[in-house]
Amino acid sequence: MSDTLTLIENRPPSVATLFLERVAATPDAEAYRYPVPSATGEGPDDWKSLTWAEAARRVSAIAAGLIELGVQPEERVALASATRVEWILADLGIMCAGAATTTVYPQTNLDESAYILSDSGSRVLIAENAEQVAKAVAKRAELPRLDHVVVIDATGVETDDWVISLAELERRGAARLEKDAGLVKERVAAITKDQLATLIYTSGTTGRPKGVRLPHDNWSYLAKAIAATGLLDGDDVQYLWLPLAHVFGKVLTSGHIEVGHITAVDGRVDKIIENLPVVRPTYMAAVPRIFEKVYNGVAAKARAGGGAKYKIFQWAADVAREYAKATQDNFRRTGTASAPFGLTAKHNVADKLVYAKIREAFGGNLRACISGSAALAPDIGYFFAGAGIHILEGYGLTESSAASFVNPGEAYRTGTVGKPLPGTEVRIADDGEILLRGPGIMEGYHGLPEKTAEVLESDGWFHTGDIGELSPDGYLRITDRKKDLIKTSSGKYIAPAEVEGLFKAVCPYVSNILVHGADRNYCTALIALDEAAITAWAAENGLGGKPYADIVAAPATVEMVDGYVKQLNEGLQRWQTIKKFRLLPRDLDIEHGEITPSLKLKRPVVEREYKHLINEMYTGAREA
């Protein structure tokens, strides 16, 4: 057995243990950075830091405060907040108390929030602000097991015996620790590896969400496995903005503790562009939509600069893709990431004109980005690779604690999700479905043994519902969701995500696209445009000052998008081509339930909402 696997198999029972070990090893090293609004409320934020020892004092106070409130091991404490440093401290406090965190997206509506709190049996809710507290107050009569609400930002909140501030919880915890200094360490020492650590509710496309039970051992394993990949080291600076209620964001906190680098935390998506040059991260995880927005933004800015600038950008984008493919192919064959002399010369010119500015916008220090949660269009991946922004795609699900595969550093291959993490097994079923087994797989769905049995075999193999292919040397390529494959009325199978990804690489104005064609004789598409990009285009094309809905309804806009659809179709098989499309009157969003908080498309919801537009594209149509 390799030293790596021995290390992983001899892991401690919990991340709570790893946290205390990290604090003991590097107490004075910087652990977290977080933004604080400037004293005047104007200008850029100030960034503050916490050392591991300072973080540990707060975590211990939160843990002891929860114990003081009567929270017992494995009892659930819900956490409804956007990504911020207090989320991490609270989650660690919950784990160090031996309890389990129920994660709740702050965007979750009133009824679903109440369902999650009730189904999980949460005893305490740690809420971000008055808005989140109000949800609990409104449903208090339906939540008899919810004993307390703890609010992080108590502005505008009336506190009482039921609602207390996080500062008050920490004060009570600190007072308890003065009397019983070993309280938290005793709770951590008592944690067993199969004890529940996290309950994450999947945002289902239909029906109620299911609670995924993830024991402490999942996170301990992943912390060790992430470190074993060698992708990160103690000198790294991570910029963490992903929603921590999502398993992708949550797993990053485990890896951070094991490796011991710095993490800058700020979940405000509208601050990403402003924060990157300030934080200057060496790595960042993101979902494909962020890279698509950056790419579309760069393309739109070049177009706005005039015909010459846009031609330079298009040339540079083509060079980037060609260079990335050449260097990756050469690395696969020889172990050296080199390209032919002529292409390298063109790449050097394009670097000075275009790529260097893109890297600087990311802070200038970025070694790599991790992309997950959904498929990244290969053309966009190759563009960034050629520009020096190396996007390492990974793969996992809530049920596998997020990280099952990741691309191996310099040997990464765009269009694949890399190789399995040490200790994770994979096989491809006869129908192409990806099956996983290993220490990252969930215990099961909370209170739903029948649903668990549908996906988790008795010997530990988990059915992912994704279709994929393994290369001879172990790289996995995801081709589609098993349930999302389209079969046309002529019997042809189509992977809509593949076509959608190709269109996102072709059209710089698209925000979301849904390809439809199940049991139909040809494919159609619903297309939502990015508001900022299309507004800038409109200003240059006689539609300036008009609202979004008017811009997308304008014949000139439809004609422009039609050009990109035709460009897409040129590279598709005949049965894959988009014969008709409709532009949506607004972008898809979380509030309307059309995309998940992790920005995944909810196909059934969108198809139901815009059924009239879909039917319109097929009414009276002839066979294509």
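Colleague: Why is Val-349 called partly exposed?

Modeller: In this predicted model, Val-349 has a relative accessible area of 43%. Buried means under 20% and exposed means over 50%, so a value of 43% places Val-349 in the partly exposed class.

Colleague: What makes Val-349 part of a nonpolar patch on the surface?

Modeller: A patch residue needs over 30% relative accessible area and no salt bridge, and nonpolar side chains are joined within 5 Å. Val-349 has 43%, and it forms the patch together with Ile-312, Trp-315 and Leu-353. Together these residues have about 320 Å² of accessible area.

Colleague: Which helices supply the nonpolar patch?

Modeller: Helices α13 (307-334) and α14 (341-361) each supply at least two of its residues. Val-349 lies in α14.

Colleague: How do you know that Arg-268 and Asp-45 form a salt bridge?

Modeller: The closest N and O atoms of Arg-268 and Asp-45 are 2.6 Å apart. The cut-off is 4 Å, so the pair counts as a salt bridge. Arg-268 lies in the loop between β11 (262-265) and α11 (272-279), and Asp-45 in the loop between β1 (30-36) and β2 (46-51), so the pair ties together parts that are 223 residues apart in sequence.

Colleague: Are Arg-268 and Asp-45 buried or partly exposed?

Modeller: Arg-268 has a relative accessible area of 32% and is therefore partly exposed. Asp-45, at 14%, is under the 20% limit and therefore counts as buried.

Colleague: What makes Glu-128 and Arg-84 a salt bridge?

Modeller: Their closest N and O atoms are 3.0 Å apart, which is within the 4 Å cut-off. The pair links distant parts of the chain, 44 residues apart: Glu-128 is in the loop between β5 (124-127) and α6 (130-138), and Arg-84 is in the loop between β3 (76-80) and α4 (85-96). Glu-128 is buried because its relative accessible area is 12%, whereas Arg-84 at 23% counts as partly exposed.

Colleague: Why is it said that Asp-91 and Lys-250 tie together parts of the chain?

Modeller: The two residues form a salt bridge, with the closest N and O atoms 2.5 Å apart. Asp-91 lies in helix α4 and Lys-250 in helix α10 (residues 247-259), so the bridge joins parts that are 159 residues apart in sequence. Asp-91 has 2% relative accessibility and Lys-250 has 1%; both values are under 20%, so each residue counts as buried.

Colleague: Which residues do salt bridges with shared partners join into one network?

Modeller: The network consists of Asp-45, Asp-266, Arg-268, Lys-271 and Glu-274. The structure holds 36 salt bridges.

Terms used:
Residues are numbered from 1 along each chain as its sequence is written. This is a predicted model: local features need pLDDT of at least 70, side-chain atom pairs count only at pLDDT 80 or more; totals for chains, interfaces and linings use all residues. Side-chain values use heavy atoms; hydrogens and water are left out. Patches are made of residues with over 30% relative accessible area and no salt bridge: like charges are joined within 9 Å, nonpolar side chains (Val, Leu, Ile, Met, Phe, Trp, Tyr) within 5 Å. Accessible areas come from the Shrake-Rupley method with a 1.4 Å probe; for residues, only the protein chains shown count as cover. A salt bridge is a side-chain nitrogen of Lys or Arg within 4 Å of a carboxyl oxygen of Asp or Glu. Helices (H or I, at least four residues) and strands (E, at least two) are DSSP runs, numbered from the N terminus. Buried means under 20% relative accessible area, exposed over 50%, partly exposed in between (1.4 Å probe, protein chains only).
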